[in-house]
Amino acid sequence: MDTKKLLGTIIGVLMFALLIVGATYAWLTLTANVTNGNYTVKTKNFIINYAGGTAITDTVQTSNATTANITSASTADGSTTDGWLAVTASKTAASAKASDFTIKLHINSNTLTTKALTYAVCKGACPTGVALATVSSGTATCATGVVACNTIAANQSNKDIVLYTDTQTFNVDGAVSSTTYNVYVWLDAGTIVAADIGKAFSGYIHASATQGD
Amino acid sequence: MKNNKKKDENRNKVIISITIVALIVALVAGGTYAWWTWVSANNTAVNITVKGMTMTLDGGGNITAQNLVPTSCTSTTYAVQRQISYSLTNPTTIASTATIQLNPSTFPTQLKNSKLMWKLTTAANCGGTQVATGTFGSTTQGRVMDLTTIAVPAGTTTPITGTYYLSIWLDSSYTGTTNVGGEVKDTIQDKSMTLQLTGTIAQNQS
């Protein structure tokens, strides 16, 4: 048999073999019959609508820290003190519930030598006509209706202190109505000393919330 | 003598050729020739039904609205918890493999995150033994995800049945917030996805 005929025979046999082999690659594959298997889910948002109030630039020195004294005492330049701000917050029904809502005071710098700087927080309006807190030996005692009060330690910088944590209001599913927290700041007259004159406090109010279960 | 032999050979070749041509013509012409025929009196039945495998899945109930927030696998509030039941047969003569899958028919790219996770276990709410786990970090809308496989031997006429528990959750280790104006809002929030339970059963190629 000559070369061409031999080559033709070999090619023919190979192609036939390939045809046979190829014809065996037909495997059954079936799709499942599925019921109750559609899952539509949505990532919830977590938005606290927040307003931090107007900056505090001056405050009163007093031993009778009523709301009126703190917010309306006259200063030497004819202005009135403004040692008060209102923090408001709410969340939508679509937002996940929070386990807490915390108001903090960040201290940039506090060069006061005493714990004269004092704060009080009320959820809603503060009581009027009474001292929001009384201070003795650097310890503040809150009046009825004041949810948090304390003195601020001297000589601190770059530190956060928690003014108040609300563990109830935002710990619900659904919408939370706008809630106002009133923060008052003053210098306790019974604590301040001459060495505090010229000293300054610098910081800011901020808030945070943690998603709850 | 040599010439006579050659003449005989040539004559034989011609006779063979003529015969072959005549047969071909007869074959092509077919019905124009009347031949004796015979048919058998008894017919032997040949009835074939192509056997196939079956796979049924019950996904434990459709979900139309479920919220995901960062949580743990065991959460019954903010994680998807579903019982998946399967039933498999393979009456064919070739072993097969069933694959349980999820089809992300709606899947925003913002949800493509490795902290969005899934797990198959042997007990409810991420309990028991882990069968398989994975994330949605490489998920693309419409691209089917394999969860796990089950071997179905040849000749399985009595269904193989079983139950797995599927958990899908946004893990509490997720971090990432984006400030948008006065709000703290993450791009992963407020996004919907639809996952369709599906599956295939295929003969093993040998």
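**Entry on the model.** I note at the outset that this is a predicted model, and I keep that in mind throughout.

**Entry on A:T151.** I looked up where A:T151 sits and found it in strand 11 of chain A, which covers residues 148-151. Is A:T151 buried or exposed? I found a relative accessible area of 8%, and because that is under 20%, A:T151 counts as buried. Setting aside neighbours within four places in sequence, I listed its contacts as A:K115, A:L117, A:T118, A:V135, A:G138 and A:A140.

**Entry on A:D160.** I then moved to A:D160, which belongs to strand 12 of chain A, residues 156-166. With a relative accessible area of 38%, A:D160 is partly exposed. Once residues up to four places away in sequence are left out, I found A:D160 touching A:L105, A:H106 and A:H206. The side chain of A:D160 makes a polar contact of 3.0 Å with the side chain of A:H106, and a polar contact of 3.0 Å is also listed between the side chains of A:D160 and A:H206. I wrote down as well that A:D160 and A:H106 are 54 residues apart along the chain, while their C-alpha atoms are separated by 4.3 Å.

How much area is buried between chain A and chain B? I found about 3600 Å², with carbon and sulfur atoms giving 49% of it. On the chain A side, A:W27, A:Y39 and A:V41 supply 24% of the area that this chain buries against chain B, more than any other three residues. The contact takes 28 residues from chain A and 51 residues from chain B. I counted 29 residue pairs in polar contact between the two chains, both residues at pLDDT 80 or more, and zero salt bridges. Strand 3 of chain A gives six residues, the largest share of the side that touches chain B, and the residues of that side divide into ten nonpolar, 13 polar and five charged.

Note on methods. Residues are numbered from 1 along each chain as its sequence is written. Chains are lettered from A and ligands numbered from 1 in the order in which they are written. This is a predicted model: local features need pLDDT of at least 70, side-chain atom pairs count only at pLDDT 80 or more; totals for chains, interfaces and linings use all residues. Side-chain values use heavy atoms; hydrogens and water are left out. Helices (H or I, at least four residues) and strands (E, at least two) are DSSP runs, numbered from the N terminus. Buried means under 20% relative accessible area, exposed over 50%, partly exposed in between (1.4 Å probe, protein chains only). Contact means heavy atoms within 4.5 Å. A polar contact is a pair of N or O atoms within 3.5 Å; within protein, one must be able to donate a hydrogen and the other to accept it, and residues adjacent in sequence count only if both atoms are side-chain atoms. Buried area is the accessible area (1.4 Å probe) that two parts lose on being put together, summed over both. A salt bridge is a side-chain nitrogen of Lys or Arg within 4 Å of a carboxyl oxygen of Asp or Glu. Ala, Val, Leu, Ile, Met, Phe, Trp, Tyr, Cys and Pro count as nonpolar, Asp, Glu, Lys and Arg as charged, and the others, Gly among them, as polar.
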